[in-house]
Amino acid sequence: MNSEKIKILRNKIAIPLDIAIKLLKENNGNIEASEKEFHNNNIKEISVVTECDFETARESYELCKYDTTKAIEKINSKQIIITTRENSTPRNEIGFILWAENNEGENYKTKKRNDAFIPTADFDYVITEFRSVFPLENLWNKNIDEHFDVCGHNYFDKKTCRIIIEKIKQKKSDELKITKFKNELIKWLNDKLTYAEYLVVYGNL
């Protein structure tokens, strides 16, 4: 292996000697191709770890100046927005924030940000299903909550969440964007129920 090419490649990207040799061997000594493969491998890793598409991973990787760890942290810190819209939701919009909690009422500390925001106009498509399970026993003060609170906290245990999910599934829509929205919400709910004791729906109306 050409030692000069190894030196040039390692000056371009901070990598161990064995990785530099491996990349150059795989790319027939082509320095530019080796560098490109190195970055593509990092982007693929980011995409897998954060469960995002390649383009999102690439954009974050470049913004973080090719730091894989920082790119992963950047993507994982983004709040999930579940909506029928194609464009992003404005900040400080009225809607509902959903998150996972444990038995002590503390937020789960996960590598990924585990909350989601749903604009009011979109939550209207499923609010009937959430309201239908009331009255519910309040998990913290043991009082009975008679109605779904659009201006505060609503706590749902796993069993109740499963009922809500089934009700959302049963109510069909002819509009593709609404069906897609509901499927994304169901996916988010099911993901959180794999580790959460409760889910909270907070309305900021």
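Predicted model: local features only at pLDDT ≥ 70, side-chain atom pairs only at ≥ 80, totals over all residues.

Tutor: Residues are numbered from 1 along each chain as its sequence is written, and side-chain values use heavy atoms, with hydrogens and water left out.

Student: How many salt bridges does the count come to?

Tutor: Side chains of opposite charge can pair when their charged atoms come close. The term salt bridge is applied here to a side-chain nitrogen of Lys or Arg within 4 Å of a carboxyl oxygen of Asp or Glu. By this rule the count comes to 8 salt bridges.

Student: With which residue does Lys22 form a salt bridge, and where do the two partners lie?

Tutor: The closest N and O atoms of Lys22 and its partner Glu26 are 2.8 Å apart. Helices (H or I, at least four residues) and strands (E, at least two) are DSSP runs numbered from the N terminus. Glu26 is partly exposed, with a relative accessible area of 40%, where buried means under 20% relative accessible area, exposed over 50% and partly exposed in between (1.4 Å probe, protein chains only). Lys22 thus pairs with Glu26, and both residues lie 4 residues apart, about one turn of the helix, in helix H2 (residues 17-26).

Student: What separates Glu62 and Arg58 along their helix, and which residues are joined with them into one network?

Tutor: Glu62 and Arg58 form a salt bridge whose closest N and O atoms are 2.8 Å apart; Glu62 is partly exposed at 38% relative accessibility, and Arg58 is partly exposed at 24%. Being 4 residues apart in helix H4 (residues 54-63), Glu62 and Arg58 are separated by about one helical turn. In helix H8 (residues 158-170), by way of a further pair, Lys169 and Glu166 are 3 residues apart, again about one helical turn. Salt bridges that share partners join into one network Glu55, Arg58 and Glu62.

Student: At what N to O distance do the side chains of Lys169 and Glu166 meet?

Tutor: Lys169 is partly exposed, with a relative accessible area of 38%, and Glu166 is partly exposed at 40%. Their side chains meet in a salt bridge with an N to O distance of 3.6 Å.

Student: Are H8 and H9 roughly parallel or roughly antiparallel?

Tutor: Axes are lines fitted to C-alpha atoms, for helices over the stretch in contact, and angles run from 0 to 180 degrees between N-to-C directions. The axes of H8 and helix H9 (residues 176-192) come within 10 Å and cross at roughly 160 degrees. Angles under 35 degrees count as roughly parallel, over 145 as roughly antiparallel, 65 to 115 as roughly perpendicular and the rest as oblique. H8 and H9 are therefore roughly antiparallel.

Student: At roughly what angle do the axes of H2 and H3 cross?

Tutor: In the contact between these helices, Leu23, Leu24 and Glu26 in H2 meet Ile31, Ser34, Glu37 and Phe38 in H3. The axes of H2 and helix H3 (residues 31-50) come within 8 Å, and they cross at roughly 115 degrees.

Student: Is Glu129 buried or exposed?

Tutor: Glu129 lies in helix H7 (residues 127-131). Not counting residues up to four places away in sequence, Glu129 touches Ile164, Lys167, Ile168 and Lys171. At 6% relative accessibility, Glu129 counts as buried.

Student: Which peptide bond is cis?

Tutor: Pro135 has its place in the loop between H7 and strand E4 (136-137). With omega near 5 degrees, the cis bond is the one from Phe134 to Pro135.

Student: What is the phi of Lys65, and what is that of Tyr66?

Tutor: Lys65 is found in the loop between H4 and helix H5 (68-76), and at 71% relative accessibility Lys65 counts as exposed. Tyr66 is found in the loop between H4 and H5 and is partly exposed, with a relative accessible area of 46%. Phi is positive in Lys65, a residue other than glycine, at a value near 55 degrees, and Tyr66, although not a glycine, has a positive phi of about 65 degrees.

Conventions:
Contact = heavy atoms within 4.5 Å.
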